[in-house]
Amino acid sequence: MAIIKVEHLNYKYSNSDTQAIDDVSLEIQTGDWVAIVGHNGSGKSTLAKLLIGLMAADSGKITIDDQELTPESVWQIREKVGMVFQNPDNQFVGATVADDVAFGMENRSVDRDTMVTRVNHALEQVGMLDYKDREPANLSGGQKQRVALAGIIAIAPKILILDEATSMLDPRGRQAILQVIQQLKDDLNLTVLSITHDINEAANADRIVVIDDGHFVEESTPSELFNHGKQLVEMGLDVPLPEKVKDALQERHIAVPESYLDERGLVDWLRTSRLNK
Amino acid sequence: MNKVMFGRFIPGHSWVHRMDPRAKLVLCFLYIAVIFFANDFWTYLVMTVLLLASVVASAIPLRVYIHGLMPLFWLMIFTVLIQVFFGAGGHVYWQWGWLSVTQNGLNSAGVILMRFVLIILISTILTFTTEPLEIADGIESLLSPLRKVHFPVATLALMLSLALRFVPTLMDEAEKIMNAQRSRGVDFGEGGLRQRIRTIVPILIPLFVNAFNRAIEISTAMEARGYQDGENRTKYRQLKWRRLDSWSLVIYMVGLSSVVALRYFI
């Protein structure tokens with residue numbers, strides 16, 4: 001079942017001549033992890049903001065969980081969607097970790113006893129319970145992003161939007177965050193929409209949507225997309241490691257399989273190939 | 001900047017630390033109001049005893065408080081000297097042109113010095129033992145009756161807590177900008193007044209621009225998390241008034257009302 005449905009969406013910033021979002025239509029199925037990729041300025045973040053009504057589209061229709069996005073329904077839709085932004089510092093509203101996790105619940109008028117148990121539970125899930133009373137100034141970027149996630153776990157949304165949420169983290173912090181999200185997705189049947197330049201994040205996704213200059217380009221599985229090889233760089237993504245290895249082998253005139261291999265697949269193929277003999 | 005003790009918070013578990021911020025704020029205000037009733041040896045003795053008792057209850061050594069007074073040392077000297085030399089009336093001890101040292105002058109200098117030191121120390125007890133956040137919570141709670149006259153208390157409280165939360169972040173950023181400008185050859189703290197003012201501009205403008213961007217991002221994030229307006233929200237942080245607070249209030253009331261009584265009835 002499609003939980004997010006976008007039909008012929010258009011949006012233009014008032015200070016720009018070109019369309020930021022140009023006639024985009026797409027459907028996202030319940031429980032899927034969908035990555036939206038595209039180079040800088042291709043309209044990915046604009047799309048995410050339109051989806052939860054932070055900006056109003058010029059034309060087109062957005063339906064989330066069978067509810068059309070209108071000025072009246074916008075708060076009901078935001079109840080179902082959690083969003084994590086790029087800069088960990090600028091989305092930390094609370095004075096301490098626990099306060100920040102509670103912020104979303106305070107907005108929904110959750111009573112205090114429920115808040116206390118849910119704050120503890122959410123912080124435990126992201127492994128930050130020991131930091132409960134810390135202030136944001138004493139936390140690393142990765143820890144702040146975990147707190148942002150905990151704030152979303154506490155309100156238990158149906159959809160999670162990650163707007164380049166891992167782009168300012170080091171590789172280890174990024175890996176940790178992605179693992180937490182994968183776990184959440186499995187536990188809660190969450191639909192995840194991640195906007196990213198990170199190849200590993202995109203590789204984890206069930207489907208990838210490519211956007212370029214506000215146009216919808218294609219929607220495919222990671223392995224179909226990664227077959228594009230060097231074209232990926234133009235899409236705003238890095239080339240995955242197995243593809244790089246294949247390229248390097250090809251340059252040395254060694255025949256490689258056409259189809260995309262993940263790391264496991266590459267290792268298996270290398271083991272059985274004649275290179276080993 | 002780390003040398004300034006005034007207005008700092010010193011973590012601890014003393015009686016005063018464990019008190020409700022509302023109680024501390026109210027006591028601090030009452031104390032400051034009553035200081036202006038005190039006018040002779042006995043009233044000041046009561047005020048000083050009350051203050052010293054609070055210092056002891058805060059479990060922070062007196063020298064830390066004295067250290068906190070240091071930045072204001074010159075200001076105190078200055079006001080006292082003005083009172084001493086320009087006071088008029090009473091017995092004249094010494095005169096030179098329009099400068100004179102008189103009995104009344106010395107008296108009022110003493111009174112002003114006492115008030116100065118007591119006011120600063122009592123507010124230092126408040127800031128040493130209360131986290132900024134608790135102060136913000138306390139202010140919100142004390143202002144809440146103003147809701148009746150449609151004063152946006154919750155909005156004010158949110159602004160206060162956001163401002164407090166961003167103080168360290170903005171300090172870090174100012175430091176970063178200063179270092180970045182230094183690495184590009186801007187010399188801070190050199191040259192005359194005009195030159196110094198000019199070197200502030202390359203810090204101030206980026207700081208302001210970044211603050212605007214931050215404000216936009218944080219408001220977007222707040223909206224995305226369901227923030228509509230200040231009212232109709234529940235609160236995670238709760239203040240708890242305990243027996244300790246009531247007792248402190250009683251002790252202060254006895255001390256402060258005896259000052260007022262000494263002034264008017266004895």
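I call a residue buried under 20% relative accessible area, exposed over 50% and partly exposed in between, using a 1.4 Å probe and protein chains only. The model is predicted, so local features need pLDDT of at least 70 and side-chain atom pairs pLDDT 80 or more, while totals for chains, interfaces and linings use all residues. Residues are numbered from 1 along each chain as its sequence is written, chains are lettered from A and ligands numbered from 1 in the order written, and side-chain values use heavy atoms, without hydrogens or water.

**Entry 1: positive phi**

I looked up backbone angles. Most residues other than glycine have a negative phi. A:His8 is not a glycine, yet its phi is positive, about 45°. I found A:His8 in strand β1 (residues 2–11) of chain A. Helices (H or I, at least four residues) and strands (E, at least two) are DSSP runs, numbered from the N terminus. Is A:His8 buried or partly exposed? A:His8 is partly exposed, because its relative accessible area is 48%.

A:Glu164 also has a positive phi, near 50°. A:Glu164 sits in the loop between β7 (159–163) and α6 (171–188) of chain A. With a relative accessible area of 12%, A:Glu164 is buried.

**Entry 2: a hairpin**

I then checked β9 (residues 207–212) and β10 (residues 215–220) of chain A. They run antiparallel and are joined by 5 bridges. Two strands pair if DSSP finds at least two bridges between them. A:Val210 stands opposite A:Glu218 in β10(A). The hairpin has 2 residues between its strands, and A:Asp213 takes a positive phi near 50° there.

**Entry 3: rings**

I searched the whole structure and got 7 aromatic pairs over all chains. Rings of Phe, Tyr and Trp (its six-membered ring) pair if their centres lie within 6.5 Å; planes under 30 degrees apart are stacked, over 60 edge-to-face, and the rest tilted. One of the pairs is A:Tyr11 with A:Tyr13, edge-to-face, at 5.1 Å centre to centre and 90° between the planes. A:Tyr11 is buried at 11% relative accessible area. A:Tyr13 is partly exposed at 31%.

I also noted B:Tyr65 and B:Phe128. Their centres are 5.1 Å apart and their planes are at 45°, so this pair is tilted. B:Tyr65 lies in helix α4 (residues 62–69) of chain B and B:Phe128 in helix α6 (residues 103–129) of chain B, so the pair ties together parts that are 63 residues apart in sequence. Both B:Tyr65 and B:Phe128 are buried.

Next I looked for charges over rings (NZ of Lys or CZ of Arg within 6 Å of the ring centre and within 35 degrees of the ring normal). A:Arg78 lies over the face of A:Trp75, 4.6 Å from the ring centre. The charged end of A:Arg112 sits over the ring of B:Tyr236, 5.8 Å from its centre.

**Entry 4: cavities**

A cavity is a set of points on a 1 Å grid over the protein atoms alone where a 1.4 Å probe fits but cannot get out; lining residues have an atom within 4 Å of a point. Which residues line the largest cavity? They are A:Met83, A:Val84, A:Gln91, A:Asp100, A:Ala148, A:Ile152 and B:Arg225. In that lining, β6 (81–84) and α5 (141–155) of chain A are the elements that give two or more residues.

For the second largest cavity, α5 and α6 of chain A each supply at least two lining residues. Its lining includes A:Val84, A:Gln145 and A:Ile181.

Key: 1 Å grid on protein atoms, 1.4 Å probe; cavity = no way out; pocket = protein on both sides within 12 Å on 5 of 7 lines; lining within 4 Å.
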